[in-house]
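Please describe the local backbone features, the ligand shell, the domain contact and the salt bridges of this model.

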Amino acid sequence: MRGMIKRTVPLLLAAGMGLAATAWSAESLQDVMKRRSLSQQDLLAAAKTYVPTGKRDEFLAFSSGGQSGQVIVYGIPSMRILKYIGVFTPEPWQGYGFDEESKKVLAGGRIDGKDISWGDTHHPGFSETNGEADGQYLFINDKANPRIAVLDLRDFETKQIVVNPIFKSEHGGAFVTPNSEYIMQAAQYPAPLENRKYEPLSSMNEKYRGGITFWKFDRKEGRIKEKESFSFEAPPYWQDLSDPGKGPSDGWAFTNSFCSERYVGGIEDGRPPYEAGCSAKDTDYLHVMNWKKAAEMVKAGKGFKLINGHKVIMMETAIKEGLLYLIPEPKSPHGVDVTPDGKFIVIGGKLDSHASVYSFEKIMAAIKAGKFESKDAYGIPVIALKDAIHVQVQLGLGPLHSQFDSKPCVVYTSLYVDSQVAKWDYCEGKVLDKISVHYNIGHLMTMEGDTSKPAGKYLVALNKLSIDRFNPVGPLHPQNHQLIDISNSKMQLLYDMPFPLGEPHYTVAIDAKKLKPGVRYKVGTDSRTDKPHPSAAKAGEERIVKKGNKVEVFGTLIRSHITPEKIDAEVGDEVTIHLTNLERAQDETHGFTVSTYNVHASVEPGKTVTVKFKADKEGVYPYYCTEFCSALHLEMMGYLLVKPKGWKDTGKTLAKGSYTEADYKATVKKVVDTQAIIDSVVAYITSVNYKDFPDAVAMVEDAFDQLGHSKGLKEKHEGFAAKKDWENANLWAEQIWQYQVKCADLGIRAKTHLEQNGAKKVAK
Ligand code: RUQ
Ligand code: CUA
């Protein structure tokens, strides 16, 4: 066979690249192009997105998971999905919603005492330092049940969910102020601000209200402070997206709205529908707010009213204190995006073919001069459009959201109806380029493109429909994230990524170098509070405590045991199992479940997790590790034995194996041989500068930990051998070998790690 395909590989190069023939490339690039019908353009796109095996992506994207209530992390330019993070929705792999610690996080999102186990996530936002994404936290909103979640990017876990105390729905969140002081969240559909209060729709103008909440974020604690947060009361216009100012406009914030008609539909009463009444006028209102001044006022304990225990600045106060202004904006607008320099605000008209660029300087001048064209129905001063506008640019049909380039004045706007992205210049007001996308784009994002320092390079079009782009998978289609190269003057479409978990709305991307996630927790950490877990156990401290009808287990996990290996309970007992993963090695996660009790935990190195349930039926319930963690993973198990009340064991002993002296001797030899392998690995590791490699050090520590467990076992098996108890002699010798195997496994992994990362010989 070999000889038959022996031929010289032609060095082609369609794309004009030099390629060295390697052993595996029996086919030339041209052969492959022909076989797979690829064009030069395709190859170029492939070369721009391909991330070779073992290499990593330059940017990480955090996408809303839409109706899945999750966040999805993927790499750019490869578009490889790296992780789903459970946020508003239980996620069994991570034990999210199946262990006690994460259930507490989800419980933060209860409304009226009810669990809400899904979310309609829309807009993720990074924490910022001086207007730049800093890679520490991510926030995301739930539109359906007005909530905000805080994710910590040290471990990519959800830490907190807070419920908006006055809204009944919301859309314009989570948008973060330049130093993460506040996270904005704007209402969408107006309703009475008081909870569980009925008002007829006919009182829309008087009793229904919108609003904009500013959630106070405590960066040191990494949590939202609900008590220090506040909201603006706003007219019953449908507040939509928001963006806080930056640079010169820092301290101000902008929220657009539609349906400022305050229309109430009711086709059942013969009234024209919402969609007609809500888009009848040519303009709606941009809300301009001085959040810094408002925050100072609230901090000083003045100017607010408590509604549902939450501080609300009523419109009357906001008007009097000069905190809130309106500017007309055409027509049923959708996106509102502050330019990186903070000087302009770009608004997409949705039902207008223009994008409108507002000048912050002009807005301030009008406010200062007291130059208003009118007041709205609630007395809020309205600045004339002509006094605020910098430029309006005809882009196409359905302009929505805008993102910025690293090049000055360059902005990209999505055109929903046209299914296009427009690249244009917001300083000069001219269109530079357009590209078609597939199909009906909603949001779009450039790398760090909503911060004060966009990174350019790539744009992702977040298309609402994919129609015919992928293999059909039934009537419910994936959505389509399309990667576009924006490094040149013409945009180039590179890649279609099916997005398989809900409508993603918005996504943010960050330079991967800014993220510094850990690979292990300090042993005994509750990852949801970031504090030491009160019920963590160290090796050798494992125990089961029975008090009345409560069984509490303080256990540990390490390859390949769950300690304890047996838990006894009586019917009706409440069983609580705390488990600490003692591993230090990277990626040595253990999972844990108990048959039929609907519990699951993911216990990453160092973490302590609790599962809890009522042992309500007698029976035998195997529990086991759910992550394939070692060669003996399948043996990593135990039994929960739920006995009927008053059960007495009859004293029968366990069946014996039929081991012989020869079996014992073979096992002892195996142990000696394996030790020789371990010694050689140890010799290598200590001959190089392994201490300079923290991951290798962690693996070595774990390896010796494993070996340490075999202490005393040699005497034990020799003792049994002296008594010719070949069963016990053989099995205790075998147990030494089990520890050796795990030690060797780790040692070899450490060796490979050191070799691959260029460890150097050290002088002895
Ligand atoms: S949305 S397609 Cu941000 Cu929820 Cu605009
Ligand atoms: Cu631990 Cu499988």
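## Backbone, ligand shell and domain contact

Ala174 is part of strand S8 (residues 170-176); strands (E, at least two residues) and helices (H or I, at least four) are DSSP runs numbered from the N terminus. The model is predicted, so local features need pLDDT of at least 70 and side-chain atom pairs count only at pLDDT 80 or more, while totals for chains, interfaces and linings use all residues. Residues are numbered from 1 along each chain as its sequence is written, chains are lettered from A and ligands numbered from 1 in the order in which they are written, and side-chain values use heavy atoms, with hydrogens and water left out.

Gly173 and Ala174 are joined by a cis peptide bond. Another cis peptide bond joins His438 and Tyr439, and Tyr439 is in the loop between strand S27 (430-436) and S28. Lys350, in the loop between strand S19 (344-348) and strand S20 (354-359), has a positive phi. Most residues other than glycine have a negative phi, and most peptide bonds are trans.

| Site | Angle | Value |
|---|---|---|
| Gly173 and Ala174 | omega | about 5 degrees |
| His438 and Tyr439 | omega | about -10 degrees |
| Lys350 | phi | near 55 degrees |

The residues around ligand 1 (a heavy atom within 4 Å of it) include His122, His123, His171, His334, His401, His443 and His505. Leu241, Leu400, Gly442 and Lys464 also belong to this shell. At least two shell residues come from each of strand S4 (121-129), strand S24 (399-404) and strand S28 (441-447). By class, the shell has two nonpolar, eight polar and one charged residue; Ala, Val, Leu, Ile, Met, Phe, Trp, Tyr, Cys and Pro count as nonpolar, Asp, Glu, Lys and Arg as charged, and the others, Gly among them, as polar.

Domain 1 (525-643) and domain 2 (661-756) are given by the domain assignment, which is automatic or from a database. Their C-alpha centres lie 25 Å apart. The contact (heavy atoms within 4.5 Å) takes 11 residues from domain 1 and 13 residues from domain 2.

A salt bridge is a side-chain nitrogen of Lys or Arg within 4 Å of a carboxyl oxygen of Asp or Glu. The whole structure holds 48 salt bridges, and three cross the interface of domain 1 and domain 2. Arg559 pairs with Asp702 in a salt bridge, with the closest N and O atoms 3.8 Å apart. Glu157 and Arg528 form a salt bridge at 3.4 Å, N to O. Glu157 lies in strand S7 (residues 157-163) and Arg528 in the loop between strand S33 (525-526) and strand S34 (531-532), so this pair ties together parts 371 residues apart in sequence.
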